[in-house]
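Please read this briefing beside the sequence and the model. It takes strands, helices and loops in turn.

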Amino acid sequence: MTVAVDREPLARPLLLPCGTTLRNRIAKAAMSEALADAGFGPSDALVRLYERWGRGGAGMLLSGNVIVDRDGRTDPANVVLEDDRHLAGLRRWGEAAQANGAALWLQLSHAGRQTARTITRTPVAPSAIAVRGRGGVFGTPRAMTSAEVDAMIDRFADAGALAAAAGLAGVQIHAAHGYLVSQFLSPLVNHRDDAWGGDATRRMAMLLAIVERTRSRVGPGFPIAVKLNSADFQRGGFEPGDAIAVAQALERAGVDLIEVSGGNYESPAMVGRGELPAPARESTRAREAYFLVYAKQLREHVRVPLMLTGGLRSAAAMVEILEGGEVDLLGLGRPLAVEPDLPARLLDGSADAARETKVNLGIRMLDDALQVLWYQQQIHRMGRGLEPDPSLGRVCALARGLGEQLRTRRASLGSERRTAALR
Ligand SMILES: Cc1cc2nc3c(=O)[nH]c(=O)nc-3n(C[C@H](O)[C@H](O)[C@H](O)COP(=O)(O)O)c2cc1C
């Protein structure tokens, strides 16, 4: 039974500062697809997946992590953009995703010290400070030289230029979740005393330089977004006050959209407690949206469009949030891995909310992995041309997901050896 909620606010187009318009207020949030081919390009499965999501009604489709340097992958099978070798693949990906009017934006990332040891033994980071409490998954990083920081900024800008050249609709710089740019923002991880660290202004210098250099490459009419933590949720870490100062600087630098998130691998707040619905608190919207309170604080200080992701499930809460004026765009992640048509159904009134999905087993280490692997299995089904299967068993998802990771790691190691032999 549907509840009488006026869906019109969800259907309103959103005009961005660069002049681009998104056709509605629902975005597919970034979810690492782990579907690159053996050469780290967009695979047929990735193209098929986005063709499916492109038919689902969202105004914006934000890709999962697309990595600007293969040694900074968040997953062995991320798409990697280091030069123009994947331009044709990117075009195909964009055409499939955008055939029905959605806009495909690439999320540009580098995992920094959160790159698994199986990808690189010595990841790079602002300072040589290792991730704590993850059972040796990550090696101790090496502090980047100033010249390396400068080259990394170019890598982001080059990847942005490739996205524009391939006909994609925009890019998002990933500066959240404890990845490389977020590490530069964090006083806990950035102990430098040079142009890239030492105080809050210098800690944000890398992010601002990425935005400025990308802008100079893509021109004034191409959207650039930033995914920013509201906080790292760690004592002495990046705090809401820091996020406000960074957002103000980003607004001055001309970004088109800031997505509000939070947490990192040491303090994973980005998928909430994993299970939904959360216990009843004040209003529907406060209960659902993990980071709404922080978005509200940002809204008091910046006018730049804000995107909120994390926990959103019901049309009632989404409409209430948009009507509150605190955010402009709503990101849906896990629900769209199970119900790719949910945006269209929320918009036309045939669905009131995402279906409830219970994935957790109650064992912390396994549950963190399950929040990724169970949903990634659904994503991979769509990549194979199948519909998602909400009845998929948790143990089965864990076993399959871990098996796939092992296979892709072997395949990418093989392809790296072949590339090295050709050099
Ligand atoms: C399988 C999976 C992969 C994810 N990959 C990414 C990613 O590549 N980049 C990112 O910024 N967030 C990533 N996230 C976080 C989501 O973008 C989103 O913030 C989170 O799932 C909370 O939103 P939701 O409650 O609508 O799922 C991922 C989440 C899941 C479940």
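Strand E4 (residues 60-67) is mostly covered, with eight of its eight residues buried. Buried means under 20% relative accessible area, exposed means over 50%, and partly exposed lies in between (1.4 Å probe, protein chains only). This is a predicted model: local features need pLDDT of at least 70, side-chain atom pairs count only at pLDDT 80 or more, and totals for chains, interfaces and linings use all residues. Residues are numbered from 1 along each chain as its sequence is written, and side-chain values use heavy atoms, with hydrogens and water left out. Helices (H or I, at least four residues) and strands (E, at least two) are DSSP runs, numbered from the N terminus.

**Strand E4 and its partners**

- E4 pairs with E3 in the parallel sense over two bridges. Two strands pair if DSSP finds at least two bridges between them.
- Ala27 stands opposite Met60 in E4.
- Six bridges join E4 to E6, and the two run parallel. Val66 has Leu108 in E6 as its bridge partner.
- E4 also runs parallel to strand E5 (residues 79-80), joined by two bridges. There, Ile67 has Val80 as its bridge partner.

**Strand E9**

- Six of the six residues of E9 are buried, so this strand is largely enclosed by the rest of the structure.
- Gly170, Gln172 and His174 point one way from E9, while Val171, Ile173 and Ala175 point the other way. All of them are buried.
- In a regular strand, side chains alternate between the two faces of the sheet.
- Strand E6 (residues 103-109) joins E9 through four bridges, and the two run parallel. Leu106 stands opposite Val171 in E9.

**Strand E10**

- Strand E10 (residues 224-229) is largely enclosed by the rest of the structure, because six of its six residues are buried.
- Both faces of E10 are covered. Ile224, Val226 and Leu228 are buried on one side, and Ala225, Lys227 and Asn229 are buried on the other.
- Strand E9 (residues 170-175) runs parallel to E10, with five bridges joining them.
- Ala225 stands opposite Leu257 in E11.

**Helices H2 and H3**

- The axes of helix H2 (residues 44-54) and helix H3 (residues 87-98) come within 7 Å and cross at roughly 25 degrees.
- That makes H2 roughly parallel to H3. Angles under 35 degrees count as roughly parallel, over 145 as roughly antiparallel, 65 to 115 as roughly perpendicular, and the rest as oblique.
- Axes are lines fitted to C-alpha atoms, for helices over the stretch in contact, and angles run from 0 to 180 degrees between N-to-C directions.
- From H2, Asp44, Leu46, Val47, Tyr50, Glu51 and Gly54 meet Arg92, Trp93, Ala96 and Ala97 of H3. Contact means heavy atoms within 4.5 Å.
- By class, this contact of H2 with H3 has six nonpolar, one polar and three charged residues. Ala, Val, Leu, Ile, Met, Phe, Trp, Tyr, Cys and Pro count as nonpolar, Asp, Glu, Lys and Arg as charged, and the others, Gly among them, as polar.

**Helix H11**

- Ala315, Ala317, Met318, Val319, Ile321 and Leu322 are buried in helix H11 (residues 315-324).

**Positive phi in the loops**

- Phe40 has a positive phi of about 70 degrees although it is not a glycine. Phe40 lies in the loop between strand E3 (26-28) and H2.
- Phe40 counts as buried, at 2% relative accessibility.
- Phe233 is not a glycine either, yet its phi is positive, near 60 degrees. Phe233 sits in the loop between E10 and helix H8 (240-252).
- Phe233 is partly exposed, with a relative accessible area of 34%.

**Trp196**

- Trp196 is in the loop between helix H5 (180-185) and helix H6 (200-203).
- Trp196 is buried, with a relative accessible area of 11%.
- Leaving aside neighbours within four places in sequence, Trp196 is in contact with residues including Ser146, Val149, Ile153, Phe184, Arg202 and Met206.
- The C-alpha atoms of Trp196 and Ala231 are separated by 20 Å, and the two residues are 35 residues apart along the chain.
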